[in-house]
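Q: Please take a close look at one part of this structure, the aromatic pairs and their surroundings. Describe it for someone who has not seen it before.

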Amino acid sequence: MFDDPEVAQLVKEIVLIRQDADDRPDWLGEKFDALGTYVPRVFFLDHDGKVRAEITSGDTRYPYFYTPQSVGALKAGLKLAAAG
């Protein structure tokens, strides 16, 4: 999914942060655990560090989980995030 050429281009427009829950389980803390504890999760944050709840994968059960079948939702989210 991240090897998709359009995704690769879009991620150049935003800041990516990767967090390993096994390495630093306290890093995300309760702020993000309230949004589910499944992994992996992709959150889009605003400039103040708040989750942009309107940007999701479209899956009602796992809204921050993207699959190869939801690459369109990921691209849409990346475009919204890059636009501010």
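A: Helices (H or I, at least four residues) and strands (E, at least two) are DSSP runs, numbered from the N terminus. Residues are numbered from 1 along each chain as its sequence is written. The model is predicted, and local features need pLDDT of at least 70, side-chain atom pairs count only at pLDDT 80 or more, and totals for chains, interfaces and linings use all residues, while side-chain values use heavy atoms, with hydrogens and water left out.

Ser57 sits in the loop between helix 2 and helix 3. Ser57 is buried, at 11% relative accessibility (buried is under 20% relative accessible area, exposed over 50%, partly exposed in between, with a 1.4 Å probe and protein chains only). Leaving aside residues up to four places away in sequence, Ser57 touches Tyr62, Pro63, Tyr64, Phe65, Tyr66, Ser70 and Ala73, where contact means heavy atoms within 4.5 Å.

Rings of Phe, Tyr and Trp (its six-membered ring) pair if their centres lie within 6.5 Å; planes under 30 degrees apart count as stacked, over 60 as edge-to-face and the rest as tilted. By this rule there are two aromatic pairs. Tyr38 and Tyr62 form an edge-to-face pair, 4.9 Å centre to centre with 75° between the planes. This pair links distant parts of the chain, 24 residues apart, with both Tyr38 and Tyr62 in the loop between helix 2 (29-33) and helix 3 (71-83). Tyr38 is buried at 17%, whereas Tyr62 is partly exposed at 30%.

Phe43 and Tyr64 form a tilted pair, 5.0 Å centre to centre with 50° between the planes. Phe43 is buried at 19%, and Tyr64 is buried at 6%.
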